[in-house]
Amino acid sequence: MIPSLSRFRRSLRWPLWLLSPLGSGHDFRGNPVLGSSLLNRMGLHVARLLLARLMTAWRRLWLRGLLPEYLREAYHRDGFVVVPGLLSDAAFAAVLADVNAAAAPVRECVQGDTLTHRMLLDDTTLATLPGLRALLEHPVFAGGVRYIGARNAHPLHYIQSIRNGVRPGRTDPQKMLHSDTFHPTMKAWFFLQDVDSSQGPLNYVPGSHRLTLPRLRWEYRRSLVAAKLQDGYSEKGSFRADDEDLRQLGLTAPRDFVVQANTLVIADTYGLHCRGAAAPGARRLEIWAYSRLNPFNPWPGINSRIWARGFTWLLQRKWEQLDQSAAARGELSSWHPVALEELHPEASGGELSPGSGK
Ligand SMILES: O=C(O)CCC(=O)C(=O)O
Ligand SMILES: [Fe+2]
């Protein structure tokens with residue numbers, strides 16, 4: 001592109017960059033305001049962490065009634081809750097039957113040597129899947145994702161399959177400890193199969209969701225250099241952490257979620273977490289939920305189905321647009337559509353049944 005044209009285009013982005021500290025943006029490299037070492041030396045990143053924390057605590061106050069007290073306490077202590085045996089045997093069997101029967105668009109993403117497939121569970125897809133609907137409406141599931149996500153809205157729900165070791169020699173970036181972003185944010189996993197230590201279990205450092213003084217110091221130091229980091233993720237605001245970082249933060253080693261099928265985990269992924277090591281070919285199958293909000297928004301939201309429907313519709317249109325622009329460049333979008341069989345359990349040899357630890 002002609003240099004003056006690209007300079008002109010860049011100048012058009014300045015109004016957005018200037019407003020971005022008030023939003024959920026976290027790209028230190030691509031955004032000269034968020035990545036400015038001068039502004040971060042003056043405390044921009046730390047101020048965003050503190051204000052986001054305050055707003056999240058405020059929103060959660062309104063959502064206290066959604067989760068039993070013992071789970072709220074576990075969350076505030078550890079950064080996650082684990083609920084084994086969430087469903088009765090019959091309800092769990094109904095979920096598995098629905099996962100086998102679900103037919104909707106599937107998308108795929110390759111990260112390092114890991115292949116992830118997702119099917120969005122929007123209202124249209126769920127209309128014929130009563131077992132899955134009952135899971136998502138279970139009070140601990142539905143209340144937990146709202147309380148921990150500090151957002152009174154339907155999260156996005158997916159069937160998710162993770163296959164490891166599909167491209168030997170490459171490294172899965174999710175297998176290094178990291179924080180997803182600078183503010184509290186929620187992800188949930190309802191495991192459809194037993195997860196053993198060779199299947200890349202979720203790992204989480206207990207207590208790493210807390211904004212302690214050592215954590216603030218660590219975040220401050222990182223923010224000064226983040227724009228220049230080059231691990232592919234830290235510079236985009238998802239800071240990676242190694243053993244030395246854990247030592248500085250006064251944190252212990254991560255706990256791995258080697259769990260039985262029918263276990264729910266809901267976590268604040270500001271806390272340090274990763275996917276554990278896995279044997280080549282190992283697969284994890286789960287219902288996965290995700291919710292994020294402008295962290296500075298004081299309003300916890302309205303739990304409206306119409307709004308949720310509108311949002312998932314828009315999201316699907318956005319994915320299609322990304323597919324088209326990638327195709328115009330002769331590429332595949334990072335979450336590109338694939339055949340249903342890629343996700344479906346039959347594709348890996350046999351239907352799911354209760355207790356099948358595949
Ligand atoms: O799949 C996992 O175990 C964790 C992946 C991860 O880091 C994430 O979803 O944010
Ligand atoms: Fe993550």
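Q: How do helix 4 and helix 10 stand to each other?
A: Helix 4 (residues 44-62) and helix 10 (residues 213-225) have axes that come within 8 Å and cross at roughly 140°, the axes being lines fitted to C-alpha atoms, for helices over the stretch in contact, with angles from 0 to 180 degrees between N-to-C directions. The two helices are therefore oblique to each other, given that angles under 35 degrees count as roughly parallel, over 145 as roughly antiparallel, 65 to 115 as roughly perpendicular and the rest as oblique.

Q: And where do these numbers come from?
A: This is a predicted model, in which local features need pLDDT of at least 70 and side-chain atom pairs count only at pLDDT 80 or more, while totals for chains, interfaces and linings use all residues. Residues are numbered from 1 along each chain as its sequence is written, and chains are lettered from A and ligands numbered from 1 in the order in which they are written. Helices (H or I, at least four residues) and strands (E, at least two) are DSSP runs, numbered from the N terminus.

Q: Is the crossing of helix 4 and helix 10 right-handed or left-handed?
A: Helix 4 passes helix 10 in a right-handed crossing (left-handed if the near helix is turned anticlockwise from the far one by less than a right angle, right-handed if clockwise). His 45, Val 46 and Leu 49 of helix 4 make the contact with Leu 216, Glu 219, Tyr 220 and Ser 223 of helix 10, where contact requires C-beta atoms, placed from the backbone, to lie within 7 Å.

Q: What about helix 6 and helix 8, where do they meet?
A: On helix 6 (residues 89-101) and helix 8 (residues 130-137), whose axes come within 7 Å and cross at roughly 120°, the crossing is left-handed. Ala 91, Ala 94, Val 95, Ala 97 and Asp 98 in helix 6 meet Gly 131, Leu 132, Ala 134 and Leu 135 in helix 8. By class, that contact has seven nonpolar, one polar and one charged residues, counting Ala, Val, Leu, Ile, Met, Phe, Trp, Tyr, Cys and Pro as nonpolar, Asp, Glu, Lys and Arg as charged, and the others, Gly among them, as polar.

Q: Switching to sheets, what order do the eight strands take?
A: The eight strands form an open sheet in the order 1-8-5-10-4-3-2-11, with antiparallel pairing (two strands pair if DSSP finds at least two bridges between them). Strand 1 (80-83) and strand 11 (336-338) each have a single partner strand, so one side of each is left without a neighbour in the sheet.

Q: How many bridges join strand 5 to strand 8?
A: Six bridges link strand 5 (residues 186-191) with strand 8 (residues 263-268), and the two run antiparallel; Ala 188 stands opposite Ile 266 in strand 8. Helix 9 (residues 139-149) packs on this sheet, touching strand 1, strand 5, strand 8 and strand 10 (283-291).

Q: Last one, which residues are around ligand 1?
A: Around ligand 1 are Ile 162, Gln 174, Asp 180, Lys 187, Leu 202, Thr 269, His 273, Cys 274 and Arg 275, a residue being near a molecule if its C-beta atom, placed from the backbone, lies within 6 Å of it. Strand 9 (residues 273-275) gives the most to this shell, with three residues, and by class the shell has three nonpolar, three polar and three charged residues.

How values were computed: Two residues are in contact if their C-beta atoms, placed from the backbone, lie within 7 Å.
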